[in-house]
Structures are given as C-alpha cells and as structure tokens.
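Visitor: I am new to this structure. Please take one part and walk me through it closely.

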Amino acid sequence: MKKLLYSVCLSVGVHFHICAQGAMVISDPASVAQRFVLATEEMTEQIEQKYKFIEQIDLARKALDQSRKLQQNIEVVSSFVKSAQEVVDIISEGESIIRNFKSMQNAIFNSDLLNNDEKYMCIAEMINCCDNIKEISKKATAVVSDKNADKGVKLSDFERLQELRTLKLEMEMTSDEMNDIYLRYLSPYVSTNREDHLFSFINF
C-alpha cells in the first residue's frame, strides 16, 4: 500500500510541476509531494490504529458480555441459595412435627385417660396434619423449580421467596394445630399447665 501511495505522490508531484510550468508559478513540486507523502503515511498509521481500536473494542465487548453473564449466574445462584434454605427450613420443621407426632401417638396409645375410640379419633386428626405437612413440603420443593404449579409460569425471585415464606407459615400453623389436637383430647383429664403437659409428651 505504501508503494502505491508513493507512486501516487510522484504523480501528484509531476502534476504540480507541470501546472507550475504552465502557469509560471514559482513552487517546489518535490516539497509538495513530500508533504503529501508524509500526510498520507500519518493517515495510514491512524487507519492502522483505528483497526487496533476496533479489535480492542471487540475484545472489551466480549469481556463485558462474559462479566454480565457471570453476574447473572451469581444472581441465579444467590437466589437459589435463598430459596433452597427456605425449603430446608420448611422440611426441617415438618420433620420436627413428625417426630413430635410419633411421641404423641405413643403417649396417646399408652394413656389410660382415653378410651379406644378417643385414641383413634385423636390419631386420625393428627394424621390429617401429617398429610398437610407432606403437601406443604411438596409445594415448597416445586417452588424452587421456578414453576408455579397453579399458574404454569415462572416466578420472580420475590414471588418465590414470598410463596416459600407463606408455606413456612402454614407449616408452623400445622404444628400448632397438631399440638392443639393432642391437648384438646387430653386436657379435660389433666390439671397441669398446657405448656407443661405439652412438654411432658415431647420428652416422653
């Protein structure tokens, strides 16, 4: 390319020389050609620099895209951790309720205060609570999969956490309900404080 520019410059110099002779204008064609060559070389360097900048911009854009993807991945992982922790808490609460149910069940069957019908009625009501625990746990696990089983659409991070906190509250209410069932059947026969009596069967 530089050879081509040099040839063009020589032609320009010759042209200026002819024009100078025809018009009788005092000028230095060689100087004009040299100036043109220098200007062209400088422009060539700038053009080469332009392509370097284009290459650097392309690399920078790729790096920026990777950074954005990494940030998105971090946000996804962070959201999953929060949601998964809520699910762990919900299922752990369910496990605790089931353990308490087993202790209550043993206490009821071994109790001399209730007849057989009352025992089975009490156990049946508490088993309904166990069914609720199972359903709540399943719903909580489904929420983490980013699907709303009822709407069939993805949940936002906020909606997911709100749904899980609602399920967590339902699990806590189920625990209270089971305790109330147990005490409702046995409280007419005991004179101890409600909390003391509940504590006694947990440590049965």
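This is a predicted model: local features need pLDDT of at least 70, side-chain atom pairs count only at pLDDT 80 or more; totals for chains, interfaces and linings use all residues.

Guide: Let us follow helix α2. Helix α2 covers residues 29–109.

Met 43 sits in helix α2. Together with Ile 47, Tyr 51 and Ile 54, Met 43 makes a nonpolar surface patch. The area of this patch is about 400 Å².

Now move along to Asp 89. The structure holds 5 salt bridges. One of them joins the side chains of Asp 89 and Lys 168, at 3.6 Å from N to O. Asp 89 belongs to helix α2 and Lys 168 to helix α4, so this pair ties together parts 79 residues apart in sequence. In general, side chains of opposite charge can pair when their charged atoms come close.

Next comes Phe 109. The count of aromatic pairs is 1. Its partners are Phe 109 and Tyr 120, with ring centres 5.8 Å apart. Their planes stand at 65 degrees; an angle over 60 counts as edge-to-face, so this pair is edge-to-face. Phe 109 lies in helix α2 and Tyr 120 in helix α3, so the pair ties together parts that are 11 residues apart in sequence.

The contact of α3 with α4 has 17 nonpolar residues, 3 polar ones and 8 charged ones.

Note on methods:
Residues are numbered from 1 along each chain as its sequence is written. Side-chain values use heavy atoms; hydrogens and water are left out. Ala, Val, Leu, Ile, Met, Phe, Trp, Tyr, Cys and Pro count as nonpolar, Asp, Glu, Lys and Arg as charged, and the others, Gly among them, as polar. Patches are made of residues with over 30% relative accessible area and no salt bridge: like charges are joined within 9 Å, nonpolar side chains (Val, Leu, Ile, Met, Phe, Trp, Tyr) within 5 Å. Accessible areas come from the Shrake-Rupley method with a 1.4 Å probe; for residues, only the protein chains shown count as cover. A salt bridge is a side-chain nitrogen of Lys or Arg within 4 Å of a carboxyl oxygen of Asp or Glu. Helices (H or I, at least four residues) and strands (E, at least two) are DSSP runs, numbered from the N terminus. Rings of Phe, Tyr and Trp (its six-membered ring) pair if their centres lie within 6.5 Å; planes under 30 degrees apart count as stacked, over 60 as edge-to-face and the rest as tilted.
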